[in-house]
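Me: I would like to go through a structure feature by feature. Please give the general idea each time, then the case at hand.

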Amino acid sequence: MSSVKSMLAFSSGSLRTIQRKLFLAQTRVCPSWRTLFAPRRLWPNPGSGVLINGVRRSTSTAAQAEKGEDYFLKWLLLLIPVTTFGLGTWQVRRREWKLKLIEELKNLTTAEPVPLPNDLMELSSLEYRRVRVRGQYDHSKELYILPRSPVDPEREAREAGRLSSSTETGANVITPFYCTDLGITILVNRGYVPKDKIRPETRTKGQVADEVDVVGVVRLSEHRKPFVPHNNVELNRWHYRDLEVMAKVTGADPIFIDADFGSTVPGGPVGGQTRVTLRNEHMQYIITWYSLCAATSYMWYMKFVKRVIH
């Protein structure tokens, strides 16, 4: 009987020891029993919508940010078709101005010639105006503007914008001309000669000594353009019209006219070397800008308008 009691006491002690160990093990795994058995009101209730509202709130914020970026991009990209449309319209206005200017120059160079005024102030407003003078050439003081190609208005209109045009080169012969009716000496661009006719002895037939009538176009002094060489006075190689220096070298007044084709002397330089064909490529620019406007407008519509409709 005593052995049975001792066995039961041992069993109950062992059981208590095992329970104590289990309790200690559970307390190490879980943070605390209070946390495990806390009331349900302290835990988020799946049915209360707290978690769902949080997700919805973050999703809404991201959507608003994306919408703001699309709105900014939408109006920024709209500037492209608007700008190209404005540039195309500006080129239309430029083309109208250029055509009007070309027409005015043609009218001036084909109008009836007037007597040449000897007032320099009056001449400054008469560029491209046709004038008439009578007098004699002084062939001993010729100047040469080179290299030059012969003027052909129809060909130049066809070749406008090309990097190279005529391969024929020569010079324009500038000769002092004493005006017997005005008593002054001016400079006359007699016209074009090829390279093998630049020297006066190669065209003696055209070196007239008598009085002649000359009809020409008034020209003003030029400024040297970029990449154009400087005039070489010592070698008599001129690349642009510098009337002050030319007049000083020849002893003439700083008055310059381009002789027209009708003033050409047989065997001499060919007159009519006034270039009035202005570069007019505005139609190409108009087509380019309006095409870009149409293309970018269509792309903008497909991305921002049609997407909203659908």
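Reply: Start with charge pairs: a salt bridge is a side-chain nitrogen of Lys or Arg within 4 Å of a carboxyl oxygen of Asp or Glu. Keep in mind that this is a predicted model.

Me: Which side chain meets Asp-260 in a salt bridge?

Reply: Side chains of opposite charge can pair when their charged atoms come close. Here Asp-260 pairs with Arg-130, at 2.9 Å from N to O. Asp-260 sits in the loop between β7 and α7 (282–309), Arg-130 in strand β2, and the two are 130 residues apart. Both residues are buried.

Me: Which salt bridges does Arg-134 make?

Reply: Arg-134 meets Glu-211 at 3.1 Å (N to O). Glu-211 belongs to the loop between β5 and β6 and Arg-134 to strand β2, so this pair ties together parts 77 residues apart in sequence. Arg-134 also meets Asp-213, at 3.0 Å (N to O). Since Asp-213 is in strand β6, that pair ties together parts 79 residues apart. In total the structure holds 8 salt bridges.

Me: Where do the buried residues of helix α6 fall, seen down its axis?

Reply: An α-helix has 3.6 residues a turn, so residues three or four places apart point the same way. In α6 (residues 243–250) the buried residues are Leu-243, Met-246, Ala-247 and Thr-250. They fall within an arc of 100°, so they line one face of the helix. The face turned away from them carries the exposed residues Glu-244 and Lys-248. What covers the buried side includes β3 (143–148), β4, β5, β6 and β7. Gly-251 follows α6 and has a positive phi, near 80°.

Me: Where does pLDDT stay under 50?

Reply: Where pLDDT is low, the predicted coordinates should not be read in detail. Residues 1–11 stay under 50 and have 0 contacts beyond four places in sequence. Residues 27–43 also stay under 50, with 6 such contacts. The chain mean is 80, and 71% of residues reach 70 or more.

Note on methods
Residues numbered from 1 in each chain as written. Heavy atoms only, no water. Buried < 20%, exposed > 50% of the residue type's maximum accessible area, 1.4 Å probe, protein only. Helix = DSSP H or I, 4+ residues; strand = E, 2+ residues; numbered from the N terminus. Arc of directions from axis to C-beta. Contact = heavy atoms within 4.5 Å. pLDDT = per-residue confidence, 0-100.
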